[in-house]
Amino acid sequence: MRAYRCLSPAITLALTLVAHQAAAQDASFKQIAQRTELYQIPTLTLSDQQFLTGNAAGTEVTIVGQLRIAQGSGRLPVVVLQHASSGYDARIDVWSRELNELGISTFALDGFTARGLTDLNNSQASLGRTNLILDIYRALDVLAKHPRVDPTRIALMGFSRGGQATLYASLKRFHQLWNKSGVEFAAYVPFYPDCMTTFLSDTDVVDKPIRIFGGTLDDYNPISACKAYVERLRAAGRDVEVTEYPNASHAFDNPLGAQPAKVQPTFESVRNCKIGEEADGLLINTDTKQPFTYKDTCVVHGPRTGYDPVATQEAKKSVKELFKKVFRLADR
């Protein structure tokens, strides 16, 4: 006669908890970078007009990039991470670890410290918005020569101001003017970018996936403007998609953000502005036909920012699936 033993509910629960803890520890272990390297990156501080016309007569500056080499061997895929107007904050650390867990290295840029800046939310005019695009291209100079980087598997991801830089770094015209690395990005992933500016030839982008993420409640960089740009890109036959989270505000993936989203009284937003590029590279307020400045009446204050854990988890899942596909990764 065969005897069977049933585990008590308490023992079953304990074993389940042990299994979950082991899985969590395994994920945490994979998030540890195999090696971390810091790089000095020569770049320039330019006005937007200088950038748009290819005028390199700017101020030389050397920024820093942190390369976290994921666990693995040989040449690995890399995601370049570009911070928001708040600078190198918690989002960079969180996304670095999430991507390292997949076997993807990260190269996080700090475009502010070397320029004497920490936060531009209250003073957006302190740095031309296109400067970060140049920094991003200069980062490719480093990655293109690195022995642990697969130059065919480098993607770009940015947040807010860095999301705007990520989005428009896809323009062929900007690559031709400033990207001298010999490599291109395999995908562009902007989070809640500012889409209020229309650049010349801005539907002539590289033939790579562009995936925009944002929240319906975002009143800093309204996703409606990005959706309008996406429609123009699709009409031009480009590979672009926008993912919208109905309950999310600006910076929804920052775990240190307010819950619920909180008004930021001094933050500057161009959500009511229409900005366009003239033939000479000058950015104008298309309503007034005058050069755009942050003193224009269309510039408003007081957008909301805050963390949305549901949107964050959904975005993490989508981004990971995208990079697995783009980088041809097996499940880890």
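This is a predicted model: local features need pLDDT of at least 70, side-chain atom pairs count only at pLDDT 80 or more; totals for chains, interfaces and linings use all residues.

Reader: Why does Ala251 count as buried?

Author: Buried means under 20% relative accessible area. Ala251 has a value of 9%, so it counts as buried.

Reader: Where does Ala251 lie?

Author: Ala251 belongs to the loop between β9 and β10. Its phi is near 60°, which is a positive value in a residue other than glycine.

Reader: And what is the phi of Ser201?

Author: Ser201 also has a positive phi, near 60°, and is not a glycine. Its place is in the loop between β7 (197–198) and β8 (210–215).

Reader: How accessible is Ser201?

Author: Ser201 counts as partly exposed, because its relative accessibility is 47%.

Reader: Let us turn to the peptide bonds. Which bond is cis?

Author: The bond from Gln259 to Pro260 is cis, with omega near -5°. Pro260 is in the loop between β9 (240–245) and β10 (262–263).

Reader: Now the sheet, please. In what order do its strands run?

Author: Eight strands make up an open sheet with mixed pairing, in the order β1-β2-β4-β3-β5-β6-β8-β9. At its edges are β1 (35–45) and β9, each of which pairs on one side only. On average, neighbouring strands of this sheet are turned by 20° against each other, direction ignored.

Reader: What holds strands together in a sheet?

Author: Strands of a sheet pair through backbone hydrogen bonds, and the pairing is either parallel or antiparallel.

Reader: Are β1 and β2 parallel or antiparallel?

Author: They are antiparallel: β1 and β2 (residues 59–69) pair over eleven bridges. As one example, Thr43 has Val61 in β2 as its bridge partner.

Reader: Which strands does helix α4 lie across?

Author: Helix α4 (residues 131–144) lies across β1, β2, β3 (76–82), β4 (105–110) and β5 (149–159). Its direction is at about 130° to β1. Helix α5 (residues 161–168) packs on the sheet as well, touching β3, β5, β6 (188–191) and β8. The direction of α5 makes about 135° with that of β5.

Reader: How many residues of α5 are buried?

Author: Eight of its eight residues are buried, and α5 is described as mostly covered. Among them are Arg161, Gln164, Leu167 and Tyr168.

Conventions:
Residues are numbered from 1 along each chain as its sequence is written. Side-chain values use heavy atoms; hydrogens and water are left out. Helices (H or I, at least four residues) and strands (E, at least two) are DSSP runs, numbered from the N terminus. Buried means under 20% relative accessible area, exposed over 50%, partly exposed in between (1.4 Å probe, protein chains only). Two strands pair if DSSP finds at least two bridges between them. Axes are lines fitted to C-alpha atoms, for helices over the stretch in contact, and angles run from 0 to 180 degrees between N-to-C directions. Contact means heavy atoms within 4.5 Å.
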